[in-house]
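Please read this report alongside the sequence and the 3D structure shown here.

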Amino acid sequence: MRRINLQILYLGISVLHLMFSHVTQAQHLLNAGQQRKSAVDSNLIDNGTVYRLTVKNKNTLNYATYNVFIPKGIDRIRGVLIHQHGCGMEGRGVSTAYDVQYQSFAKKWNLAIVGADLYYTAGCYAWREPDSGSAESLLAALTQVGEVSDQSALGEAPWLLWGHSGGGYWTLAMMRDYPQRVLAAFCYSPAFDPSWNYPKEALEIPLMIRHAGATDANSPEVSCWATAVNSFKKLRGAGGLVSIAYTPYQNHNYSFVRYMAIPFYESALSQRLPQGRSASFREMRKIDRTTGWLGDTLSLNTCPYRTYKGDVSSMSWLPDSATAAAWKEYVITGSVIDRTPPPSPFELRIARLHSVSVALRWKADADIESGIKHFNIYNNDQLIARFPEHGVYQYFDTNGDDAIPMSALPEMKIIATALKDSNFHLTISTVNHFNLESERITFPSIE
């Protein structure tokens, strides 16, 4: 009887151990995030609010700082763009939350934007693996910002992943570890040639991999060219929704990737976002791969999936005809030209300062395709001022795709000459980075 009781006791202990070892990944990460709960600061800007917090890894010196942008005027977050910097780029990643082009993209699709800076003692050789704490801290940050912003859906919203170099490796690893959460992913010269296998859920994720071939970072340790080609072959060969974009004459730290990434994301969002009021990654739609397009990586020709009669496993898979056209332009030219003008400024205000000058103020949404270069101010159709006077309003670094400047932008305002009692008629327009100009909008009259 005693032996039987001991056997029952051991069996009970084994069952309990098994139960605890199968605590879900989400519960484990949520509990860990609660243990690291930290203060969340907020910065109100024209387009919304940027929340900032630092999440420390338990029992290590490693930590992550996040800037999370939430657009003004949206009632429910439906997705999250997570922009992950590359190796040695710490201190610049958080700028993405202040990027007006990405902010306009987020406003259109009800997205949050996460700019991350990962500070690890071993650098990207540690944080590139999600189980180093880099995934855990992200989940904790999303949960905390969701609480303070009253956007409870933030912790459940599906992800758009973006990663450069070591961040590209991290993006692929997140597809491996969290495939059910990822709506789409874009890798900019991913590194370190991972050798793992992907779960079948990862084959449902639209993924684009950009590389620069022989001019990429190709030391044996980094191997960006090999990473791009091998990852494409592995995922595409298994039926994954993957495309590869080779941009010659560019390099590891130089490419206009956002001009390709944003239209790619928009196509994926239109086909995968949950319908109705749902904002959970669990309700993401699957894409019928046969409705997509194919791109020949050698000839660069494109065609509808259903019309192609050959082996599709070596062809880039693209979500639709528009993305296929952008992909073809991108791999040939290294960019995607914006052919439409930006939106016009709005909420124009004017105030008389004295008999010679007036103060002009306005607001503007950036062009989703190519941002804001500057504003033109006219009096009776004559250009009288430019804002900013020199340079550009905001640009991006073609190395890490980081916003320049890297923080909140100056107020949109200017002092203009407008003589009192003269017949002046002041208008303003937005100019994007392809020098296309919006419709001019008239400032109100001074009462």
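The sections below go from the whole chain to single strands, helices and residues.

## Basis of the model

This is a predicted model, in which local features need pLDDT of at least 70 and side-chain atom pairs count only at pLDDT 80 or more, while totals for chains, interfaces and linings use all residues. Residues are numbered from 1 along each chain as its sequence is written, and side-chain values use heavy atoms, with hydrogens and water left out.

## Overall chain

The chain holds 9 helices and 21 strands; helices (H or I, at least four residues) and strands (E, at least two) are DSSP runs, numbered from the N terminus. With a radius of gyration of 25 Å, close to the 22 Å that the globule rule gives for 447 residues, the chain is as compact as a globular protein of that length. The radius is taken over C-alpha atoms, and the rule is 2.2 Å times the number of residues to the power 0.38. The C-alpha trace spans about 105 × 55 × 45 Å along its principal axes.

Of the 447 residues, 55% are buried, where buried means under 20% relative accessible area, exposed over 50%, and partly exposed in between (1.4 Å probe, protein chains only). Among contacts (heavy atoms within 4.5 Å) with a separation of 6 or more, 69% are between residues 24 or more positions apart. The accessible surface is about 19,900 Å², and carbon and sulfur atoms account for 54% of that surface; areas come from the Shrake-Rupley method with a 1.4 Å probe, and for residues only the protein chains shown count as cover.

Helix α3 (residues 100-109) is largely enclosed by the rest of the structure, because 8 of its 10 residues are buried. These are Val-100, Gln-101, Tyr-102, Gln-103, Ser-104, Phe-105, Ala-106 and Trp-109. Their cover includes β1 (41-45), β3 (63-71), β4 (79-84), β5 (111-119), β6 (159-164) and α8 (258-272).

Asn-110 is located in the loop between α3 and β5. Its phi is positive, about 55°, although Asn-110 is not a glycine. Asn-110 is buried, with a relative accessible area of 19%.

## Strand β8 and Pro-190

All 5 of the 5 residues of β8 (207-211) are buried, so this strand is largely enclosed by the rest of the structure. Leu-207, Ile-209 and His-211 point one way, and Met-208 and Arg-210 the other way. Strand β8 pairs in the parallel sense with β7 over 4 bridges and is joined in parallel to β9 (residues 242-246) by 5 bridges; two strands pair if DSSP finds at least two bridges between them. Met-208 is the bridge partner of Phe-186, and Arg-210 stands opposite Ala-245 in β9.

Pro-190 sits in the loop between β7 (182-188) and β8 and is buried, at 0% relative accessible area. Beyond its neighbours within four places in sequence, Pro-190 contacts Ser-165, Gly-168, Tyr-169, Leu-172, Ile-209, Arg-210, Cys-224 and Thr-227.

## The open sheet β16-β15-β20-β21

An open antiparallel sheet of 4 strands has the order β16-β15-β20-β21. Its edge strands, β16 (382-387) and β21 (441-442), each pair on one side only. Strand β15 (residues 374-379) pairs with β16 over 5 bridges, and Phe-375 stands opposite Phe-387. In the loop between β15 and β16 lies Asn-380, a residue other than glycine with a positive phi near 50°; Asn-380 is partly exposed, at 41% relative accessible area.

Val-431 belongs to β20 (residues 426-431) and is buried at 4% relative accessibility. Leaving aside neighbours within four places in sequence, Val-431 contacts Pro-342, Ile-372, Lys-373, His-374, Asn-376, Leu-436 and Glu-437.

Strand β14 (residues 357-363) runs antiparallel to β19 and is joined to it by 5 bridges, with Leu-360 the bridge partner of Ile-414.

A cis peptide bond with omega of about 0° joins Ile-404 and Pro-405, and Pro-405 is in the loop between β18 (403-404) and β19. Phe-387 and Pro-388 are also joined by a cis peptide bond, with omega about -5°; Pro-388 lies in the loop between β16 and β17 (395-396).
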